[in-house]
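Subject: Structure for you to look at

Dear colleague,

I am handing over the structure below, and after it I set out what was found. Please read the notes alongside the coordinates.

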Amino acid sequence: MNRKQLEKLGVPAAVVAVALRGVGRAVNAGGGVRGGALREQVAAVLATPHDYSQDQLWGEFAQSLVALNDLPQREPIAYRVWEATSPADAIDRAAHRQMADACRVPAAVGAALMPDAHVGYGLPIGGVLACANTVIPYAVGVDIACRMKLSVLDLPAETLTTRRSHFKEALLGGTRFGVGVEHHPKQQHAVLDADWSVTRITREKRDTAWKQLGTSGSGNHFVEFGELILARRDESLGLDAGRYTALLSHSGSRGVGAAVCATYSQIAQRLLPAGYADLGRLAWLSLDSEEGQAYWAAMNLMGDYAAANHAVIHRLVTKRLGAHVVAGVENHHNFAWKETHDLEGAGSREVVVHRKGATPAAAGVLGVIPGSMGSPAFVVRGKGVAASLASAAHGAGRRMSRRAARDRFRFAAEQRRLADAGIEVLSAGADETPGVYKDIHAVMAAQTDLVEVLARFDPKIVRMCGDGSRAED
DNA sequence: ATGTGC
């Protein structure tokens, strides 16, 4: 086992080196412990370190864990969990451990874990954390303002079948995928006139942002056409019951957002108090500090930039299609907002709510929750549940790593299977095949108290980043 | 998720 595997199991960074020595002893012990049995032993020590403090193999690791836990710190806050009932869609232990770590952040005042939760950097994906006057760059995420945008088009649903090649051409011609990918010529949008000098990093990266405006990146990002089905008329959507053609995109703030995250998390990590060093990427910035104010300004600019990014994608694709937009829904799902909440009935106060892979779900607010290329997305209306900090899941949530997915699935075979089901995938990798995700229906069933479903979107023509233009890992 | 550095 290596450092990465131990951290994935939930071993705090501060004691990984000690844990590695324990692993070495266990491997070299008579009979040699390996693989799954080794992981189980590490997990057992993590769960109840006091029971192992005199253990020949694990005593040193257990004592370090006890010492770490005994550091004088505040009592962690509690977090509420929404979770699918099916074991295959459950939230793994490592994501819980990350959420529990986030609850030790001194400024934390409210927390919740959504049913699509899985391990991320710092806060888990699907984590919601409210802090007093404090922002955590990695509780927003690397891809600041990663978001969804759905445009309902003035084309009959049947045209997705009868004019399929026309839709494919629009998708292939109007979108760009890949790490570092740019548009030539550069696209235009009013966000370029915003004040990019709010921080050094946004000032220096403005030209990169301009070149990348209207691109989709890699990973789980996609642009797809599908059929939107409304069971009844909805006034907030402004649509009658029926079947529609719709365009759905998932993208964010590209390289510039990642640079903002890296810059300000590094500053925050240098400022971490010694007793909290193991919180690592959960490092925070006070909004009273110059750095905190700078991050907040840059984050909000990235929010506008990511929204513009989607607007350009939809503009380019619908123009090639010759279609017009008759309705739309969009939302950030990696962001932080200043909101007023009544936490634990202690009265209303303004807090910073981080949603990292979580959909804003205040009462009446519309959002889009995608499943996968082979399963539906849902247009939802929030119910404003206080205990979830007015949040919901942002998707199905991964159930296996990208590497595990590439070992298990072959994309060409998955592509044929999807084609048989009437879904044409123009490009993607095996690590985004439907089987790598939890069951979106199980995830939606776990949050019926948080959101109401208004419409269902079935993907028909999908474009994601192909294998030729992605990073190795 | 990203793009640079190994």
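The domain bounds used here come from an automatic or database domain assignment. For chain A that assignment gives domain 1 (3–69) and domain 2 (145–254 + 287–331 + 359–464), and the centres of domain 1 and domain 2, taken over C-alpha atoms, are 41 Å apart.

Some conventions come next. This is a predicted model, in which local features need pLDDT of at least 70 and side-chain atom pairs count only at pLDDT 80 or more, while totals for chains, interfaces and linings use all residues. Residues are numbered from 1 along each chain as its sequence is written, chains are lettered from A and ligands numbered from 1 in the order in which they are written, and side-chain values use heavy atoms, with hydrogens and water left out.

On the overall fold, chain A holds 15 helices and 17 strands, where helices (H or I, at least four residues) and strands (E, at least two) are DSSP runs numbered from the N terminus. The radius of gyration of chain A, taken over C-alpha atoms, is 23 Å, close to the 23 Å that the globule rule (2.2 Å times the number of residues to the power 0.38) gives for 473 residues, so chain A is as compact as a globular protein of that length. The C-alpha trace of chain A spans about 70 × 50 × 45 Å along its principal axes. Of the 473 residues in chain A, 55% are buried, which is to say under 20% relative accessible area with a 1.4 Å probe and protein chains only. Among contacts in chain A with a separation of 6 or more, 75% are between residues 24 or more positions apart, a contact being heavy atoms within 4.5 Å.

Turning to DNA strand B, there are 15 residues around it, of which Y121, V142, G180, Q212 and N220 come nearest; a residue is near the strand if one of its heavy atoms lies within 4 Å of it. Phosphate oxygens of DNA strand B lie 2.2 Å from a polar side-chain atom of N220, 2.9 Å from a polar side-chain atom of R402 and 2.7 Å from a polar backbone atom of S218.

Q447, in the loop between α15 (440–445) and β17 (451–464), is buried at 0% relative accessibility and, leaving out residues up to four places away in sequence, touches W82, P115, I369, A392 and A393. A361, between β12 (358–360) and β13 (366–369), is buried at 1%, and its C-alpha atom is 6.0 Å from that of A392, 31 residues away along the chain.

Definitions and conventions:
Polar contact = N/O pair within 3.5 Å; in protein donor to acceptor, adjacent residues only side chain to side chain. Buried < 20%, exposed > 50% of the residue type's maximum accessible area, 1.4 Å probe, protein only.
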